[in-house]
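Here is a short briefing on one protein chain. Look at the sequence and the fold before reading on.

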Amino acid sequence: MSIETNIAPVAIGDQLVGGGQPVYVIGEIGINHNGDIDIAKKLIDVAAVAGANAVKFQKRTPDIATPMAQRDQIRQTPWGEMTYLDYRYRVEFEEAEYQKIAQHAADRGLHWFASPWDVPSVEFLENQGVPTHKVASASVTDHELLRALADTGKPIILSTGMSTIEQIDAAVDILGTDRLVMMHATSTYPLPPEEANLRTIHTLTERYQVPVGYSGHERGLQISLAAVALGAVTVERHITLDRTMWGSDQAASLEPAGFTNLVRDIRILEQAMGDGEKRVFPGELAPLSRLRRVDA
C-alpha cells in the first residue's frame, strides 16, 4: 500500500487510486504498436499476464497535433521514406481499431485509455467511453486541451515531465483537484538515474494534496520500485514486445519479462511497507524465546 493515506483516493472506473489502495499499474503501449492492431492486442496480453490494471495509448489528430516545423521533414520508416505527417497518420488508430482494443482490454480485465494530444481527440475518446484521460507531459501548457479535458468531468491523470512548478500550477487551476491524479515524470528517453529526482513525489503530494504516482522512462526496474517505496500510488511504464523493434519509445520500454517482474515486485513492496506500527510479529516469537536472555 502507498504511504500517503490522508488524501482522498480518485475512482478510475471500478478501482480507487490513492493512499491505502493497491498501486495502479499502467502498461503504456503508446505508439509501440507501430499502427498494427495485432501488435496492440499482444501488448494488451502482456499487460494482463503481468497483472497490470490498465493499458494506455496515444490519440492524435495528426493535422492538428503535428508541429508545423516537422510536418514535411522526411523520415525513414519500416514502410519506406515518408514525411513526418504521413508517418503520424500511418501509426494512428481510428474508431474501428479502438473498438477492437476496447473489447480485447475488457476481455483481459484491463482498463484502457489514452493521452489525447488535441481537442478533437478528447471528443473521440469520450465517444469510446474511456474511464479517464491522461495528460501527456508535452501537453501541460496546452490550456485549450486542458479545458476540454476538465469539461468531460472524468478523472484526469496529469503527467508533469518537462514542466516547471508554475506551469503545473496553471494546469491545476484549469483541471481542479477533485478528480486529479498527478504523475511525477522526467521526460528524458531513456532516463538516467541522476535525472529521476524521485523526491519530487513528496513535493507534488504536499503542494497539491492529490494522489501522486510515477511515470518512468528509465531502463530497468529499480527507480520505479523506489518510487513505490516513496509513496507513488500509480506506476506507468512503456511496454514493448522487443526493445529492438522500430520506434522512438521502444528502447526505453520494458519487454514482457521485465514488466511482469515489475508488477510482481510492486505487489511484494505493497505487502512489505506495513503500517509503521512497531510490534512483535508472530514469526519472531520462536527466535525471541530461543535467543533473548534477559526479559524486560
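Which strands does helix α1 lie across? Helix α1 (residues 37–50) lies across β3 (24–30) and β4, running at about 145° to β4. Axes are lines fitted to C-alpha atoms, for helices over the stretch in contact (heavy atoms within 4.5 Å). Angles run from 0 to 180 degrees between N-to-C directions.

This is a predicted model: local features need pLDDT of at least 70, side-chain atom pairs count only at pLDDT 80 or more, and totals for chains, interfaces and linings use all residues. Residues are numbered from 1 along each chain as its sequence is written, and side-chain values use heavy atoms, without hydrogens and water.

**The sheet**
- Eight strands form an open, parallel sheet in the order β7-β4-β3-β12-β11-β10-β9-β8.
- β7 and β8 stand at the edges with a single partner strand each, so one side of each has no neighbour in the sheet.
- Strands (E, at least two residues) and helices (H or I, at least four) are DSSP runs, numbered from the N terminus.
- Two strands pair if DSSP finds at least two bridges between them.
- Strands β9 (residues 156–159) and β10 (residues 180–185) pair in the parallel sense over four bridges.
- Leu158 has Met182 in β10 as its bridge partner.

**Helix α5**
- The buried residues (under 20% relative accessible area, 1.4 Å probe, protein chains only) of α5 (residues 119–128) are Ser121, Val122, Phe124, Leu125 and Gln128.
- The face turned away from this buried side carries Glu123 and Asn127, which are exposed (over 50%; partly exposed lies in between).
- Just after α5, Gly129 takes a positive phi of about 75°.
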